[in-house]
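Please keep the sequence and the model in view while reading.

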Amino acid sequence: MPELPEVETTKTSLAPLIGQTITQVQVRQSSLRWPVPDDLSTLVGQKLRKLERRAKYILAHFDQDALLLHLGMSGSFSICTGSEQLRKHDHVVLQFTDENNHISELRYHDPRRFGCMLWLENGTHILLSKLGPEPLDDAFDACYLTSKLNGKNTAIKVAIMDNAVVVGVGNIYATESLFNTAIHPARPAGSITQPEIEKLVLEIKRILKQAIDLGGSTLRDYSNAMGENGYFQQTLMAYGRTGEKCVNCDTPLENLKLGQRASVFCPQCQPLK
Ligand SMILES: [Zn+2]
């Protein structure tokens, strides 16, 4: 599933389209997670002005209108010249023309169709209304996280993956940051000490920055809109490594289900206390 770093990478890879005008809109399959608006063609004639990311959403601002985009489980964008054959699951095609009349196509591909493409209303959307702070913003600090974890019995891993606490900490990043800070994923959120919270906040930021720098990649077949693959996956210490030896102590890593998600940890380095 595309996670925050992949979405950030995707946003960056769409930047060459800023300043270009939409000249054609083709919706080949409108039933994504929510229906693609049937008036999407009102984008024709509008220039793409700005791209933003909030949590795992991309906000695409055009002259008059703005779109809220989400990649869901399996969505991806590709930019091509338009002469390439359309693939199965290329659901929406936006044709852009630049000032030299060069045409390019932005194709939205999504086999599982859990992604979305919706209008923003006055620059916002109800889907954005209950989101916690961005993990890389200064607002996400130890003081803030302490206030959110205080007195809670929820497993720490579930707590840091809650979008109302902080956005964008997906399973990979939660697993890795808890491994790197020696915190057992099932410990009650309220039992995490102040020094541990400080380390955890720094580690979440470090690992997300590293993943963004390496171009994302949580899926083997993930690639950005330019078709480039990310390298982050090769650096994982715990995620996806159940039964393999811990890099620190050689103990086989174990797997625990928390909030329906696999949670890999080292029973030696991350004691339950
Ligand atoms: Zn270990």
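Helices (H or I, at least four residues) and strands (E, at least two) are DSSP runs, numbered from the N terminus. Axes are lines fitted to C-alpha atoms, for helices over the stretch in contact, and angles run from 0 to 180 degrees between N-to-C directions. The model is predicted: local features need pLDDT of at least 70, side-chain atom pairs count only at pLDDT 80 or more, and totals for chains, interfaces and linings use all residues. Residues are numbered from 1 along each chain as its sequence is written, and side-chain values use heavy atoms, with hydrogens and water left out.

Two packed helices are described by the angle between their axes and the distance between the axes. Helix α5 (residues 194–213) packs with helix α1 (residues 4–14) at an angle of about 40°, the axes being 9 Å apart. The two helices α1 and α5 are therefore oblique to each other; angles under 35 degrees count as roughly parallel, over 145 as roughly antiparallel, 65 to 115 as roughly perpendicular and the rest as oblique. In contact (heavy atoms within 4.5 Å), L4, P5, E8 and T9 of α1 meet L208, A211 and I212 of α5. These residues of the contact of α1 with α5 comprise 5 nonpolar, 1 polar and 1 charged, where Ala, Val, Leu, Ile, Met, Phe, Trp, Tyr, Cys and Pro count as nonpolar, Asp, Glu, Lys and Arg as charged, and the others, Gly among them, as polar.

Helix α2 (residues 142–149) and α5 have axes that come within 9 Å and cross at roughly 120°. That angle makes α2 oblique to α5. Here A142, L145, T146 and L149 in α2 meet Q194, I197, E198, L200 and V201 in α5.

Helix α4 (residues 171–180) also packs with α5, the axes coming within 9 Å and crossing at roughly 130°. The contact involves Y173, E176, S177, L178 and N180 of α4, together with L200, E203, I204, R206, I207, L208 and A211 of α5. By class, the contact of α4 with α5 has 7 nonpolar, 2 polar and 3 charged residues.

What coordinates the zinc ion? Its donors are the SG atoms of C246, C249, C266 and C269, at 2.2 to 2.3 Å; donors are N, O and S atoms within 2.8 Å of the metal (3.2 Å for Na, K and Ca). Angles of 100 to 112° among the 4 donor atoms make the site of the zinc ion tetrahedral, a term for four donors with all angles between 85 and 135 degrees. Along the chain, the donors of the zinc ion follow the spacing C-x2-C-x16-C-x2-C.

Notes. Tetrahedral: all angles 85-135°; square planar, octahedral: opposite > 155°, others 65-115°.
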